[in-house]
Amino acid sequence: RAFADAAASARGLDGLLAPGSSDVYRMQVRVHLRPFFRERDLRSIDPQAVQGFYARCVETGRPKSAKSIEMALAALRQILSHARAQGIVRQNAVEEWKRGRRRGRRRGAATSGVDIAKVMSAAELARLLDVIATDAPRYHPLALFLADTGARFGEAVALRWSDVDLDGGTARICRSYSSGLRLGPTKTGRERVVELSSRLRDALRAKRPAILADESLVFPNRSGSFLLDVYFRNKVFF
C-alpha cells in the first residue's frame, strides 16, 4: 500500500480521537508526512525511514518546534497502528524507532569513555543541587538543566527561550557559546532535541520573563549576555 492511500484509509480513526486532535493529525499528514513519504510503500517504512523524516525536520526547521515534530510522528504512528491492525505491516516503525533511541541513550552512557570515578551518584547530585539552590539560587535552574539534559555548558548558555517548548517538555540544542569567545554550532555540528524533566520545566516556568525578545537567552549573565563558564564556576563552586 502506498503511504498516501494508507493515510486516507486511516480516517476511520477520527472517531477514536477528539475533534481537535483529528484536525491536527490531518494537518500533519497533509503538510509534513505526505510531502516526505509521497507514494512510498507503507511496508518499507522502517525505523531508519522514521529517523530520516526526523532528521529532515530538524535540518529544515519544518515543523519548527519539537512539539510539532512529535505531533507529526504521532500522526505517523496512528497510521502505522491502523495498518498493523489490518495486517499490512508487521511492526510500528515509530514505536521501534523510539525504543531504539532509548536503548541508544543507555548504550551511550555506558560507553562514552567517562571515568566512572568522576561520575556522581544520584544522592551526590541531589546534594549538590540542594546546595546550589540554597547558596546560589540564581544559578540553580542552569545547574538543573545541565544535570537533567546532559547538555554541555556552552550549549546551555546559548539556549534561547525560542528554543524551549515548555508545554511539549523539550528544548532544541542548536548552537554553543565556546570558551567565552564565539557563538557557533554544537560540538558535533548537529542539532538535537532534549527532553525536560518535570522539575526542570517547573524551574524554567518560574524564571521565564513575561516579555521576551527573539534572541532572549534562558541563562544569561546579569547584563543579559552570554554567561562565562569561569564566572559560573567561581560563583557556584568557590
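A: Leu-228 lies in the loop between α9 (198-207) and α10 (229-237). Helices (H or I, at least four residues) and strands (E, at least two) are DSSP runs that are numbered from the N terminus. The model is a predicted one, in which local features need pLDDT of at least 70 and side-chain atom pairs count only at pLDDT 80 or more, whereas totals for chains, interfaces and linings use all residues. Residues are numbered from 1 along each chain as its sequence is written, and side-chain values use heavy atoms, with hydrogens and water left out.

Leu-228 counts as partly exposed because its relative accessibility is 37%. The term buried means under 20% relative accessible area, exposed means over 50%, and partly exposed lies in between (1.4 Å probe, protein chains only). Together with Val-230 and Tyr-231, Leu-228 makes a nonpolar surface patch of about 230 Å². Patches are made of residues with over 30% relative accessible area and no salt bridge; like charges are joined within 9 Å, and nonpolar side chains (Val, Leu, Ile, Met, Phe, Trp, Tyr) within 5 Å. Accessible areas come from the Shrake-Rupley method with a 1.4 Å probe, and for residues only the protein chains shown count as cover.

The side chains of Glu-215 and Arg-175 meet in a salt bridge, at 3.6 Å from N to O. This pair links distant parts of the chain, 40 residues apart: Glu-215 is in the loop between α9 and α10, and Arg-175 is in the loop between β2 and β3 (176-178). Glu-215 is partly exposed because its relative accessibility is 48%, whereas Arg-175 is buried, as its relative accessible area is 12%. Salt bridges that share partners join Glu-215 and Arg-175 with Arg-160, Asp-163, Arg-172 and Glu-191 into one network. A salt bridge is defined as a side-chain nitrogen of Lys or Arg within 4 Å of a carboxyl oxygen of Asp or Glu. In general, side chains of opposite charge can pair when their charged atoms come close.

An open sheet of 3 strands has the order β1-β2-β5, with antiparallel pairing. Strands β1 and β5 stand at the edges, each with a single partner strand, so one side of each is left without a neighbour in the sheet. Two strands pair if DSSP finds at least two bridges between them. Strand β1 (residues 164-165) is joined to strand β2 (residues 170-173) by 2 bridges, while 4 bridges join β2 to strand β5 (residues 192-195). The bridge partner of Val-164 in β2 is Ala-171, and Asp-165 stands opposite Thr-170 in β2. Arg-172, a member of the salt-bridge network, stands opposite Val-193 in β5. In a regular strand the side chains alternate between the two faces of the sheet. The hairpin formed by β1 and β2 has 4 residues between the strands, and Gly-169 in the turn has a positive phi of about 75°.

Cysteines may be considered next. Cys-174 is buried, with a relative accessible area of 17%, and Cys-57 counts as buried at 2% relative accessibility. A disulfide is a pair of cysteine sulfur atoms within 2.5 Å; by this rule the count comes to 0 disulfides.

The side chains of Arg-84 and Glu-95 meet at 3.6 Å, N to O. This pair also links distant parts of the chain, with Arg-84 in helix α4 and Glu-95 in helix α5 (residues 93-111), 11 residues apart. Arg-84 counts as partly exposed at 35% relative accessibility, and Glu-95 is partly exposed with a relative accessible area of 23%. Among the buried residues of α4 are Ile-69, Leu-73, Leu-76 and His-82.
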